[in-house]
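Colleague: I have a few quick questions about this model. Can we go through it together?

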Amino acid sequence: MLDKKLEKALNEQVVKEFYSAYLYLAMAGWFEEQVLPGLAKWMRVQAQEESCHALIFFNYLCEKGVQPVLGAIDAPPPKFKSATDIFKAVVAHERVVTASIHAIADLAVQLRDHATKQALEWFVAEQVEEEASADAMLRQAQRLEDEKALYLLDKDAGTRVFALPPLLAGKI
Ligand code: MG
């Protein structure tokens, strides 16, 4: 049995993860428009990963015998100023997501729901990685002083490839 408060929080987290995917896809669109295909690819991969996060929460609700209730996803900002501005927003957004996952973990501990607490551990570790990679991209973007540096960062970012999280193997 899943406590109603946890059920609500997990349903909301599905929406938050899809919003993340939506936000990063919007950022990919901005990079495409700027003719920076590598950074656009990096954001497309990021968006795919976020959709996977949403599905992991969705699957967990199903496994617990709860029908997921999908809420509305907000529209992401339509415009961005620069690569630095974008990665600042990514770092800030990932911090919000981390706080949200920690709050659900706190609730699971409070309710002594060890299964949910354990399911959240993958996300707690994933958020450490998400914040670190966003911060590394921000620091690289801030170092950019010329077009050549931006070109090199774009080339490097374009090597990122999507990998399905093992948790979703055979489950999408
Ligand atoms: Mg996520």
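Colleague: Let's start with Gln 13. Is Gln 13 buried or exposed?

Modeller: Gln 13 is buried, with a relative accessible area of 0%. Buried means under 20% relative accessible area, exposed means over 50%, and partly exposed is in between (1.4 Å probe, protein chains only).

Colleague: Before we go on, what kind of model is this?

Modeller: It is a predicted model, where local features need pLDDT of at least 70, side-chain atom pairs count only at pLDDT 80 or more, and totals for chains, interfaces and linings use all residues. Residues are numbered from 1 along each chain as its sequence is written, and side-chain values use heavy atoms, with hydrogens and water left out.

Colleague: Back to Gln 13. Where is Gln 13?

Modeller: Gln 13 sits in helix α1. Helices (H or I, at least four residues) and strands (E, at least two) are DSSP runs, numbered from the N terminus.

Colleague: What is Gln 13 in contact with?

Modeller: Leaving aside neighbours within four places in sequence, Gln 13 is in contact with Phe 57, Val 97, Ser 100, Ile 101 and Ile 104. Contact means heavy atoms within 4.5 Å.

Colleague: New topic. What coordinates the magnesium ion?

Modeller: Glu 17 (OE), Glu 50 (OE) and His 53 (ND1) do, at 2.1 to 2.2 Å. Glu 17 lies in helix α1 (residues 4–33) and Glu 50 in helix α2 (residues 37–63), so the pair ties together parts that are 33 residues apart in sequence. Donors here are N, O and S atoms within 2.8 Å of the metal (3.2 Å for Na, K and Ca). Water is not among the atoms, so sites may look incomplete.

Colleague: What spacing do the donors follow along the chain?

Modeller: The spacing is E-x32-E-x2-H. Both Glu 17 and Glu 50 are buried.

Colleague: How do α1 and α2 cross?

Modeller: Their axes come within 8 Å and cross at roughly 165 degrees. That makes α1 roughly antiparallel to α2. Axes are lines fitted to C-alpha atoms, for helices over the stretch in contact, and angles run from 0 to 180 degrees between N-to-C directions. Angles under 35 degrees count as roughly parallel, over 145 as roughly antiparallel, 65 to 115 as roughly perpendicular and the rest as oblique.

Colleague: And what about α2 and α3?

Modeller: Those two pack at an angle of about 10 degrees, with their axes 14 Å apart. That makes α2 roughly parallel to α3. Glu 50 turns up again here, among the α2 residues that meet α3. On the α3 side, the partners include Phe 87 and Glu 94.

Colleague: Now α5. Which residues of α5 are buried?

Modeller: In α5 (residues 147–157), Leu 150, Leu 153, Asp 154 and Ala 157 are buried. They cover an arc of only 100 degrees around the axis, which puts them on the same side of α5. The arc is that of the directions from the helix axis to the C-beta atoms.

Colleague: What is on the face turned away?

Modeller: That face carries the exposed residues Lys 148 and Leu 152.

Colleague: What do the buried residues of α5 pack against?

Modeller: They pack against α2, α3 (83–110) and α4 (114–143). The axes of α2 and α5 come within 6 Å and cross at roughly 40 degrees. That makes α2 oblique to α5. The contact on the α2 side is made by Pro 37, Gly 38, Leu 39 and Trp 42.

Colleague: Last one. What does Lys 171 touch?

Modeller: Lys 171 touches Asn 59 and Glu 63, not counting residues up to four places away in sequence. Lys 171 lies in the segment after α5. At 43% relative accessibility, Lys 171 counts as partly exposed.
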